[in-house]
Amino acid sequence: MSIGSRAGRRARGEIERLPSGSLRVRVYAGIDPVSRRRRYLTETVPAGPRATEEAEAVRARLLDAVAGNRPVPSRWPVDVPPDGPPAPKPTAGPAAPPPVPAPPAGSVPPPGSAPPAGPATALGAAPDPVEAPMRARRRRETTLTTIARLAEVSAPTVSKVLNGRLGVAAQTRARVEALLREHGYRRPETVAPSATLEVVFYGMQSNLAVALLHGVEQIAGAHRLAVGFTDARQQVSEGRYWARHLLARRPTGVIVVHLGFTPEQHALLGASGIPLVALDPTGEPPLHTVPSVASTNWSGAFEAARHLLDLGHQRIAVISGPTERLCAKARLDGARAALDAAGTGLDPRLVRTGAWFSFEDGLHLGQELLRLAEPPTAVLCGNDLQALGVYEAARLTGRRIPEELSVVGFDDLPGARWCGPAMTTVRQPLVEMGAMAARMVLALAANGSLSQPRIEMATTLVVRESTAPPARR
């Protein structure tokens, strides 16, 4: 939200009210003569009863500085690239005159000589290649100081939050984290990260975790990095904060494979400068700025449902994982699309949603389905653990697989080949997904960005012995 400006200054200065109540002042400072980019002077005024009045005074001061073409004090951030504009390309023509050596310290230039080149101003020449990094550091230091001022705490307190250290009250920590997220602060790399990649799970499903970790380790080992893991659900249940503990360890990168990832935790990791990649993040992709790796969940479930239709099944049940997870929703939608395309449709009475991708979900929900007056002849499950639960439900209700009930899983964990009968399932390339996530997080650590922030890897239907045509009645 912008606040009106005084007459004659609206076109060149604006005041924006931020969600925290503070006011951000921005004044256009002209075009950089080399990079041809627009530049602005910005300053933030803390919330308070006189914030609007103080912001108007700041705007007037910034406008006066621009109008007078005066050098910009370092406490006024200028919106230019941190490393300064790019150097001009050489052109054909007469050779440039040789550089004039700098006079000795303390000497006075002779009368009539040109003054020595000084640091760039907001409207002046290109910055000196040595001065530019120094100004970039000053800008970042000012930003940290601004966060401290807006939060009404000291700079060391902000540093404690960024580093995940103790000694900060919960309410103060939350206020600082909100300001870090609001202002998009990112700490400069002043501390070398540890030679590790951290993988964060929200509940350890042993076989899934082992496969993903194996893929991560393949890439990390090639780069001489160690691999660590954290069970966030366990830490949360014990009252610990996994994101802050990660900050204290300063890993080279973090791969998140869990359900409870929040925007606040993402902002805290982003402000700390730790690269982050997610595996099957929650929510729809447009809502996430976190680079991510997933499998083709929708098409995998579509192929599984079509396999059951091709066998002749009409009453096909679906046991889904929690549908707030993107992967569970995609699998349910894929199965529904296949049934709709065949003209069968998905009977809502044959749909069950699990609290988690667990054996217990398959057991209890499978028993519900098999006790119906018209039970299903096939069950498509959200993952292999749920399918194993349906195996047990079939045993308890006296049904034989696949003669009286066909069952399909999703993941292709090692146990799917060993159960009796061997399970038909959709294979996720778990090892390859872990390796891809590791490549992406290392690319982020090296380059700061990715050309393709979301990657989906192909699934494969593996037909074994748990599916067959339905029994004739």
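Before starting, I noted the cut-off I would need: a residue is buried when its relative accessible area is under 20%, and exposed when that value is over 50%. I also reminded myself that this is a predicted model.

**Entry 1: Thr-172.** Is Thr-172 buried or exposed? I found a relative accessibility of 18% for Thr-172, which is under the 20% limit, so Thr-172 counts as buried. I located Thr-172 in helix H4, which covers residues 170-183. Next I looked up its contacts, setting aside neighbours within four places in sequence, and found Val-153 and Thr-157.

**Entry 2: Arg-472.** I then went to the segment that follows strand S16 (460-462), where Arg-472 is found. The relative accessible area of Arg-472 is 86%, and anything over 50% is exposed, so I filed Arg-472 as exposed. Which separation did I get between the C-alpha atoms of Arg-472 and Glu-403? I got 10.0 Å, for two residues that lie 69 residues apart along the chain.

**Entry 3: helix H7.** I checked which residues of H7 (residues 242-249) are buried, and wrote down Trp-242, Ala-243, Arg-244, Leu-246 and Leu-247. Just after H7, I noticed that Arg-250 has a positive phi of about 55°.

**Entry 4: H11 against H12.** How do helix H11 and helix H12 pack? I read an angle of about 45° between H11 (residues 359-370) and H12 (residues 384-396), with the axes 6 Å apart. That angle makes H11 oblique to H12. I also noted that the crossing of H11 past H12 is right-handed. On the H11 side, I listed Phe-359, Asp-361, Gly-362, Leu-363, Gly-366, Gln-367 and Leu-370 as making the contact. From H12, the residues in the contact include Leu-385, Leu-388, Val-390, Glu-392 and Leu-396. By type, I have 9 nonpolar, 5 polar and 2 charged residues in the contact of H11 with H12.

**Entry 5: the whole protein.** I finished with the totals. I have 14 helices and 16 strands on record for the protein. Of its 473 residues, 49% are buried. The accessible surface is about 23900 Å², and carbon and sulfur atoms account for 56% of that. What share of contacts between residues at least 6 apart in sequence joins residues at least 24 apart? I wrote down 69%.

Terms used
Residues are numbered from 1 along each chain as its sequence is written. This is a predicted model: local features need pLDDT of at least 70, side-chain atom pairs count only at pLDDT 80 or more; totals for chains, interfaces and linings use all residues. Side-chain values use heavy atoms; hydrogens and water are left out. Helices (H or I, at least four residues) and strands (E, at least two) are DSSP runs, numbered from the N terminus. Buried means under 20% relative accessible area, exposed over 50%, partly exposed in between (1.4 Å probe, protein chains only). Contact means heavy atoms within 4.5 Å. Accessible areas come from the Shrake-Rupley method with a 1.4 Å probe; for residues, only the protein chains shown count as cover. Axes are lines fitted to C-alpha atoms, for helices over the stretch in contact, and angles run from 0 to 180 degrees between N-to-C directions. Angles under 35 degrees count as roughly parallel, over 145 as roughly antiparallel, 65 to 115 as roughly perpendicular and the rest as oblique. A crossing is left-handed if the near helix is turned anticlockwise from the far one by less than a right angle, and right-handed if clockwise. Ala, Val, Leu, Ile, Met, Phe, Trp, Tyr, Cys and Pro count as nonpolar, Asp, Glu, Lys and Arg as charged, and the others, Gly among them, as polar.
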